[in-house]
Structure formats: structure tokens, C-alpha cells
Amino acid sequence: MKYIYKDNEMQVINEEGKKVGYATIPNVDENTINVLKVFIDPSLRGGGEASKLMEEVYNFALEHEYRIKNTCPYAVAWFKRKKEKQYILADEQPDEACLV
């Protein structure tokens, strides 16, 4: 799998060049991105691909010196598990994640 940023998305591209997942990450402001949605093709679920995608989102934010706001339930849960990465979260987080 390879990961590319395009059109406010971190995209997961398989070996055949097909987009098989994405995280929607628009800018909230010049210093912050919002993880609105994380999607992985159902055929790939359960293999850690969503976690790898979130790792790419985290690295993208680090590289561009962004803070991260989460409104996607998966992203909220991922950061709860990754306590060592929570420093990158924006000070203001939604009271609760959006409903799926």
C-alpha cells in the first residue's frame, strides 16, 4: 500500500493503483486539520490498515506542523490508544465524535 495526500484526503492506494481507503482531513485553520472520516475498503478491515492510515495522518500533521482535531469516531479512539501521540491534538476537541 502507498499513501498520498490529495484533495484534503490521505488516500490509501493498493498495488493496482486503486484507492482502497482514505481519511478526510481538511484544514480547520492554518495550523489545524480535522479528521472528519476514516474509511477502509471492507475487504481490508481487521488487518490494521485503518491504524496504518491514521499513522500516516499523524506523520503528515507532524511534517506540516499541524495540530489535529478529531470528529471521526475511529480517529478519537485511535488517539485514546496512542497516548504518546496525543500532544499533537488541538486544544479544542469536540465534546463527542460525530455519529456514523
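1. Let's begin with the sheet. Four strands make up an open sheet, and their order across it is β1-β2-β3-β6. The pairing between them is antiparallel. Going from one strand to the next, the twist averages 20°.

2. Before going further, please keep in mind that this is a predicted model. The mean pLDDT of the protein chain is 92, and 93% of its residues reach 70 or more. Among the helices and strands, where is confidence lowest, and where is it highest? Helix α2 (residues 73-81) has the lowest mean, at 93, while strand β2 (residues 9-13) has the highest, at 98.

3. Now zoom in on one pair of strands. Five bridges link β1 and β2, which pair in the antiparallel sense.

4. Next, step back to the whole chain. How many helices and strands does the protein chain have? There are two helices and seven strands. Read from the N terminus, the elements follow the order β-β-β-β-β-β-α-β-α. The radius of gyration of the protein chain is 13 Å, close to the 13 Å that the globule rule gives for 100 residues, so the chain is as compact as a globular protein of that length. Taken along the principal axes, the box filled by the C-alpha atoms is roughly 40 × 25 × 25 Å.

5. With the sheet in mind, find helix α1 (residues 49-63). This helix lies across β1, β2, β3 (19-24) and β6. Relative to β6, helix α1 runs at about 135°.

6. Finally, look at how the helices meet. The axes of α1 and α2 come within 11 Å and cross at roughly 80°. Angles of 65 to 115 degrees count as roughly perpendicular, so that is how α1 is placed against α2. Which residues of α1 take part in the contact with α2? On the α1 side they are Ala 50, Ser 51, Met 54, Glu 55 and Tyr 58. Their partners in α2 are Tyr 74, Ala 75, Trp 78 and Phe 79. By type, the residues of this contact between α1 and α2 divide into seven nonpolar, one polar and one charged.

Note on methods: Residues numbered from 1 in each chain as written. Predicted model: local features only at pLDDT ≥ 70, side-chain atom pairs only at ≥ 80, totals over all residues. Heavy atoms only, no water. pLDDT = per-residue confidence, 0-100. Pairing = 2+ DSSP bridges. Axes fitted to C-alpha atoms, helices over the stretch in contact; angles between N-to-C directions. Contact = heavy atoms within 4.5 Å. Parallel < 35°, antiparallel > 145°, perpendicular 65-115°, else oblique. Nonpolar A, V, L, I, M, F, W, Y, C, P; charged D, E, K, R; others polar. Rg over C-alpha atoms; globule rule 2.2 N^0.38 Å.
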